[in-house]
Amino acid sequence: QVQLVESGGGLVQAGGSLGLSCAASGRTLSGYNMGWFRQAPGKEREFVASISWSGGSTYYADSVKGRFTIPRDNAKNTVYLRMNSLKPEYTAVYYCAARIRTATTFGSWGQGTQVTVSS
């Protein structure tokens, strides 16, 4: 099973930018579709973005389209989340997740990293 560790969270002002990283170990990420999710206080975890194993396809929640990108570097076994034009409502714990190519659900999760956007 792949192990995932997120980093890069922190405090940023509204309108600013932040980049998250998700480093994998135990397996090569080239066999996995990857995703980012977030959970705000008192709310359910929600999908943010995903990228196919090859990097050829990306998907974004409507709330972040045009603001976030999800590049990956399989050689570095890392996936990223680039966040621009941040809003206070984006404050949440952000989680990285991995889904084996043939699976229908994300089976491996990181511990999460806190992103706080101040107004």
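Modeller: I call it a salt bridge when a side-chain nitrogen of Lys or Arg is within 4 Å of a carboxyl oxygen of Asp or Glu. With that rule, Glu-46 forms one with Arg-38, and the closest N and O atoms are 2.6 Å apart. Before we go on: this is a predicted model, so local features need pLDDT of at least 70 and side-chain atom pairs count only at pLDDT 80 or more, while totals for chains, interfaces and linings use all residues. Residues are numbered from 1 along each chain as its sequence is written, and side-chain values use heavy atoms, with hydrogens and water left out.

Biologist: OK. How many salt bridges does the count come to?

Modeller: Two. In the other listing, the side chains of Lys-65 and Asp-62 meet at 3.2 Å, N to O.

Biologist: And Arg-38 and Lys-65, buried or exposed?

Modeller: My cut-offs are relative accessible area under 20% for buried, over 50% for exposed and partly exposed in between, using a 1.4 Å probe and protein chains only. Lys-65 is exposed, and so is Asp-62.

Biologist: Switching topic: which residues touch the most other members in the largest nonpolar core?

Modeller: That core has 30 residues, and the ones touching the most other members are Leu-4, Met-34, Trp-36, Phe-68, Leu-81, Met-83 and Tyr-94. Strands β3 (18–25), β4 (32–39), β5 (46–51), β9 (78–83), β10 (92–100) and β12 (113–118) each supply at least two of its residues. By core I mean a set of buried Ala, Val, Leu, Ile, Met, Phe, Trp, Tyr and Cys residues joined through side-chain atoms within 4.5 Å. Strands are DSSP E runs of at least two residues, numbered from the N terminus.

Biologist: What does Tyr-94 touch?

Modeller: Leaving out residues up to four places away in sequence, Tyr-94 touches a list including Trp-36, Phe-68, Leu-81 and Met-83. Arg-38 and Glu-6 are also on that list. Contact there means heavy atoms within 4.5 Å.

Biologist: Now disulfides. How many does a search of the whole structure find?

Modeller: One, with the rule being a pair of cysteine sulfur atoms within 2.5 Å. The disulfide joins Cys-22 to Cys-96, S to S 2.0 Å. It links distant parts of the chain, with Cys-22 in strand β3 and Cys-96 in strand β10, 74 residues apart.

Biologist: Left-handed or right-handed?

Modeller: Left-handed, because the torsion about the S-S bond of Cys-22 and Cys-96 is about -75 degrees. Cys-22 is buried, and so is Cys-96.

Biologist: What else does Cys-96 sit against? I had Ser-108 in mind.

Modeller: Ser-108 does touch Cys-96, along with Gln-1, Val-2, Leu-4, Ala-97 and Ala-98, not counting residues up to four places away in sequence. Ser-108 lies in strand β11 (residues 108–109) and is buried at 6%. Its side chain also makes a 3.3 Å polar contact with that of Gln-1. For that I need a pair of N or O atoms within 3.5 Å; within protein, one must be able to donate a hydrogen and the other to accept it, and residues adjacent in sequence count only if both atoms are side-chain atoms.

Biologist: Rings next. How many aromatic pairs does the count come to?

Modeller: Five. Phe-37 and Trp-109 form a tilted pair, 4.9 Å centre to centre with 55 degrees between the planes. Phe-37 is in strand β4 and Trp-109 in strand β11, so the pair ties together parts 72 residues apart in sequence. Rings of Phe, Tyr and Trp (its six-membered ring) pair if their centres lie within 6.5 Å; planes under 30 degrees apart are stacked, over 60 edge-to-face, and the rest tilted.

Biologist: Last one: where is Asn-77?

Modeller: In the loop between β8 (72–73) and β9. Phi of Asn-77 is near 55 degrees, positive in a residue other than glycine.

Conventions:
Helices (H or I, at least four residues) and strands (E, at least two) are DSSP runs, numbered from the N terminus.
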